[in-house]
Amino acid sequence: MTYFEFNEKFPTDKSILQHFRTIRYKNGLTCPHCGSTQQVGLRTDQPKLCNCNHCHNTFSIFTGTIFEKSSTDLKKWFFAVHLVLNAKKGISALQLQREIGTTYKTAWRILKQIRTAMGNENLEKSFELIVEVDETYVGGKPRKQNNNLQFTTPKPKDTSTTGRGTKKTPVIGVKERGTGRVYARVALPDHNGQKLTGKQLLSVISAVTKPDTVVMTDDFKGYNIINHKSTNPENFTHISVCHSLGEFSSGKGLHTNGIEGFWAILKRSIIGSYHHISTKYLQSYVNECCFKQNNRFVDSFDKLLWQSVLAA
Ligand SMILES: [Zn+2]
């Protein structure tokens, strides 16, 4: 959607409210108190609100959504959604503040809420046939020239540079080859302080992957958990591509290039727009990248509005 299309689609608050209602209440307005769909009417004095003539309660169409409890103009909210979705490499809170004319704090909060909605995508057990699985590491390289490029907060004497065994934060990603959809989770250390255990890898894979799927990984030993019947109840078939033996893209479809390409996008957006990401918020940036990837061929604006409903 372009800026002009946005303006045409949402000229007034009324048009925004009407659009939101059609997305949230596909089957008609529903009272959250009694479930009635028959006797619910819009209030003319406050168009956000509805009256239920069955249980005589009032409710807001934004209850349980990311828009609840916000005093920011709806048009600013919707325009922020538009900007976030159009920014291929992401948009910083500072940039959003300039674009919609709010305080920095408000812009930051709006971004956080939009990312929460982005992470509200239901991918449970939906990947099938072939998935590629890989991990990446996000964290500041200890570079002398540019200390601002530290994405997370490494320990002061972290002199490691890339990859496994460093103090950077690992992110585990699963990409469904057929559709290109991606699911990725920040992997914080377990209660023993261990990162990237086989259990951790497998739980991320099986969260989104149907039983009997082919799982392609590199030769990291953590994935060996999939090779044993007792630890692989969902009967995934494991194919490991041996990078260290130079088996990159051997032409037989044995590769993890898809998920590696996604990491490149994630890293570009972190370097391009965000500079500094604390581990605490890393998952929300990962969610943003996944949402954009997964909804690139659909109306992502309406999809985001649909996912803005957080509570049933
Ligand atoms: Zn009711």
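Good morning. I begin with a hairpin: strands E5 and E6 form it, with 5 residues between them. In the turn, Gly180 has a positive phi of about 80°. Please keep in mind that the structure before you is a predicted model.

Strand E5 covers residues 169-176, and strand E6 covers residues 182-186. The two strands run antiparallel and are joined by 5 bridges. Within this pairing, Gly173 stands opposite Ala184 in E6. How much of strand E6 is covered? Strand E6 is mostly covered, since 4 of its 5 residues are buried.

I turn now to the zinc ion. Which residues coordinate the zinc ion? They are Cys31, Cys34, Cys52 and Cys55, each through its SG atom, at 2.2 to 2.3 Å. Along the chain, these donors follow the spacing C-x2-C-x17-C-x2-C. Cys31 is found in the loop between helix H2 (13-24) and strand E1 (40-42), while Cys52 belongs to strand E2 (residues 49-52), so this pair ties together parts that are 21 residues apart in sequence. The site is tetrahedral, with angles of 104 to 112° among the 4 donor atoms. For comparison, the ideal angle for four tetrahedral donors is 109.5 degrees. Are these cysteines buried or exposed, taking Cys31 as one of them? Cys31 counts as buried because its relative accessibility is 2%, and Cys52 is buried as well, with a relative accessible area of 1%.

My last topic is the salt bridges, of which the count comes to 8. One of them joins Glu288 and Arg115, at 2.6 Å from N to O. Glu288 lies in helix H8 (residues 279-294) and Arg115 in helix H5 (residues 104-118), so the pair ties together parts that are 173 residues apart in sequence. Glu288 counts as buried at 3% relative accessibility, and Arg115 counts as buried at 5%. Arg115 and Glu288 also belong to a network of salt bridges with Lys292.

Another salt bridge links Lys125 with Glu234, whose closest N and O atoms are 2.4 Å apart. Lys125 sits in the loop between H5 and strand E4 (130-138), and Glu234 in the loop between strand E7 (214-218) and strand E8 (237-241), so the pair ties together parts 109 residues apart in sequence. Lys125 is partly exposed, at 28% relative accessibility, whereas Glu234 is buried, at 19%.

Finally, Arg43 forms a salt bridge with Asp45, with 3.1 Å between the closest N and O atoms. Asp45 counts as exposed, because its relative accessibility is 53%. Thank you for your attention.

Key:
Residues numbered from 1 in each chain as written. Predicted model: local features only at pLDDT ≥ 70, side-chain atom pairs only at ≥ 80, totals over all residues. Heavy atoms only, no water. Donors = N, O, S within 2.8 Å, 3.2 Å for Na, K, Ca; no water. Tetrahedral: all angles 85-135°; square planar, octahedral: opposite > 155°, others 65-115°. Buried < 20%, exposed > 50% of the residue type's maximum accessible area, 1.4 Å probe, protein only. Pairing = 2+ DSSP bridges. Salt bridge = Lys/Arg side-chain N within 4 Å of Asp/Glu carboxyl O.
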